[in-house]
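Subject: Structure for your files

Hello,

Here is the structure I said I would pass on. My notes on it follow below.

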Amino acid sequence: MSARSPGPRATARPARPLPWLVPAVTVGGLVPAVMLVQDALTGALGANPIQRATLQTGLLTLALLVLSLACTPLRLVTGWTWPARIRKALGLLAFGYGVLHFGIYLLDHGFNLGQITEDVLERPFVTAGFTALLLLVPLALTSRRDSVRRLGFERWTRLHRLVYAAVSVGALHYYWGVKKDHTPPLIYAAVIAVLFVIRWVARRPRRQGRAGAGRAAG
């Protein structure tokens, strides 16, 4: 009885470089939340724990949102591919901290829907923050890979451009929330503006090339 010859081996997929990158970013992004809970349980949040927790979660939301926005300009400028891999993790972390930030605000107002609605409608500072969070909701809901297939790449891309509006309104929310030194929110605004310019400059030749090809075809 002859031995069966082994069938063709399936071609092994090459391992992705830096496989630890996304898990490390996710775990690192959750560390401040763990520390915040620990400080709350041990009474280390100071005399006004609600205020401190609100400020910390708000800053984390904006910082993570800016970092997620920086991934594409960094890729365009350097040619590195890894920033695109951590963009979704950073965006979801930003959304999570934004929800936590809003949850602390609800807790501080005793979940009084009447007062909260009045705040949202009449106080521009609260209106900006609530608007930024609402803009992040569809981005979080369509962050799965199958969302690109269901929506189509073009529609998905247009939808996720809401992040520009969200981070801009978030920076405005931060600016209006600061009573004395406006230097930190202005720094955030300057960084956001630089990221917008990098994206615009990097993508401009591509748009001009498509326009030129269209004229030539016509």
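**Salt bridges**

At 55% relative accessibility, Arg-144 counts as exposed, where exposed means over 50% relative accessible area, buried under 20% and partly exposed in between, with a 1.4 Å probe and protein chains only. Before going further: this is a predicted model, in which local features need pLDDT of at least 70, side-chain atom pairs count only at pLDDT 80 or more, and totals for chains, interfaces and linings use all residues. Residues are numbered from 1 along each chain as its sequence is written, and side-chain values use heavy atoms, with hydrogens and water left out.

Arg-144 sits in the loop between helix 5 and helix 6 (145-151). Helices here are DSSP runs (H or I, at least four residues), numbered from the N terminus. Arg-144 forms a salt bridge with Asp-146, and their closest N and O atoms are 3.4 Å apart. The term salt bridge is used for a side-chain nitrogen of Lys or Arg within 4 Å of a carboxyl oxygen of Asp or Glu. Asp-146 is partly exposed, at 21% relative accessibility.

How many salt bridges does a search of the whole structure find? The search gives two. One of them joins Arg-123 to Asp-119, with 3.5 Å between the closest N and O atoms. Arg-123 is partly exposed at 39% relative accessibility, whereas Asp-119 is buried, with a relative accessible area of 9%. Side chains of opposite charge can pair when their charged atoms come close.

**Helix 4**

Asp-119 belongs to helix 4 (residues 113-122), where Ile-116 and Val-120 are buried as well. Seen down the helix axis, the buried residues fall within an arc of 95°, so they line one face of helix 4; the arc is that of the directions from the axis to the C-beta atoms. They pack against helix 3 (82-108) and helix 5 (124-141). Leu-121 and Glu-122, on the other side of helix 4, are exposed. At the start of helix 4, a side-chain oxygen of Asn-112 comes to within 3.1 Å of the backbone nitrogen of Gly-114.

**Nonpolar cores**

The largest nonpolar core has 25 residues, and Leu-65 and Val-167 have the most contacts inside it. A nonpolar core is a set of buried Ala, Val, Leu, Ile, Met, Phe, Trp, Tyr and Cys residues joined through side-chain atoms within 4.5 Å. At least two residues of this core come from each of helix 1, helix 2 (49-78), helix 3, helix 5, helix 8 (162-177) and helix 9 (183-217). Leaving aside neighbours within four places in sequence, Leu-65 is in contact (heavy atoms within 4.5 Å) with Ala-94, Leu-136, Val-163, Ala-166 and Val-167. Another core, of five residues, lies apart from the largest one and includes Tyr-105, Ile-116, Val-120 and Val-126.

Leu-18 lies in the segment before helix 1 (21-42) and is partly exposed, at 34% relative accessible area. Phe-111 is in the loop between helix 3 and helix 4 and is exposed, with a relative accessible area of 52%.

Regards

Conventions
A polar contact is a pair of N or O atoms within 3.5 Å; within protein, one must be able to donate a hydrogen and the other to accept it, and residues adjacent in sequence count only if both atoms are side-chain atoms.
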